[in-house]
Amino acid sequence: MGDSSASYIHLVQHLIEKCLIFHMSKEECMEALSKHANITPVITSTVWNELEKENKEFFEAYAVSQNKKDRMSEEETSQLIQKMISDSSKDSDD
């Protein structure tokens, strides 16, 4: 189980990093990964919290930038998540 759970957490981390690139909030990321990748919000939240602990300065700056961003549409979010999932599958096949 160690390898598969580590791989799963790595996938969630990778998808969260993609959410960050698209300037999504934690809540938006949790919702998007739940809806489009069937990842339980509690898993996304736990991995996000660990990333925050490890990268405090980044997330402080990210929180400030969140107040200034434009929102993506539901359709854009869906397309981006689907692309991230297919890209992740290709990466793990290597």
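**Notes on the predicted model**

1. Of the 94 residues of the protein chain, 30% count as buried, where buried means under 20% relative accessible area, exposed means over 50%, and partly exposed lies in between, with a 1.4 Å probe and protein chains only. The accessible surface of the chain comes to about 6400 Å², and 53% of this surface belongs to carbon and sulfur atoms; the areas come from the Shrake-Rupley method with a 1.4 Å probe, and for residues only the protein chains shown count as cover.

2. On the basis of these notes: this is a predicted model, in which local features need pLDDT of at least 70 and side-chain atom pairs count only at pLDDT 80 or more, while totals for chains, interfaces and linings use all residues. Residues are numbered from 1 along each chain as its sequence is written, and side-chain values use heavy atoms, with hydrogens and water left out.

3. The protein chain has five helices and zero strands, and its pattern along the sequence reads α-α-α-α-α; helices (H or I, at least four residues) and strands (E, at least two) are DSSP runs, numbered from the N terminus. Among contacts in the chain with a separation of 6 or more, 70% are between residues 24 or more positions apart, a contact being heavy atoms within 4.5 Å.

4. The largest nonpolar core holds 17 residues, and those touching the most other members are Ile16, Cys19, Leu20, Cys29, Leu33, Trp48 and Ile81. Two or more residues of this core come from each of helix H1 (2-21), helix H2 (26-37), helix H3 (41-54), helix H4 (56-66) and helix H5 (74-93), and the largest share, five residues, comes from H1. Such a core is a set of buried Ala, Val, Leu, Ile, Met, Phe, Trp, Tyr and Cys residues joined through side-chain atoms within 4.5 Å.

5. Which residues does Leu20 touch, not counting those up to four places away in sequence? Leu20 touches Trp48, Phe58, Phe59 and Tyr62, and these four residues form one aromatic cluster.

6. A search of the whole structure finds four aromatic pairs, one of them being the stacked pair of Phe58 and Tyr62, at 5.8 Å centre to centre with 20° between the planes. Rings of Phe, Tyr and Trp (its six-membered ring) pair if their centres lie within 6.5 Å, and planes under 30 degrees apart count as stacked, over 60 as edge-to-face and the rest as tilted. Both Phe58 and Tyr62 lie in helix H4, four residues apart, about one turn of the helix. Phe58 is partly exposed because its relative accessible area is 43%, whereas Tyr62, at 7% relative accessibility, counts as buried.

7. Gln13 has its place in helix H1 and, at 28% relative accessibility, counts as partly exposed. Leaving aside neighbours within four places in sequence, Gln13 is in contact with Val47 and Leu51, and its C-alpha atom is separated by 7.5 Å from that of Trp48, 35 residues apart along the chain.

8. The structure holds one salt bridge, in which the side chains of Lys53 and Glu50 meet at 3.1 Å, N to O; the term covers a side-chain nitrogen of Lys or Arg within 4 Å of a carboxyl oxygen of Asp or Glu. Because Lys53 and Glu50 are three residues apart in helix H3, they are separated by about one helical turn. Lys53 is exposed, with a relative accessible area of 59%, while Glu50 counts as partly exposed at 37%.
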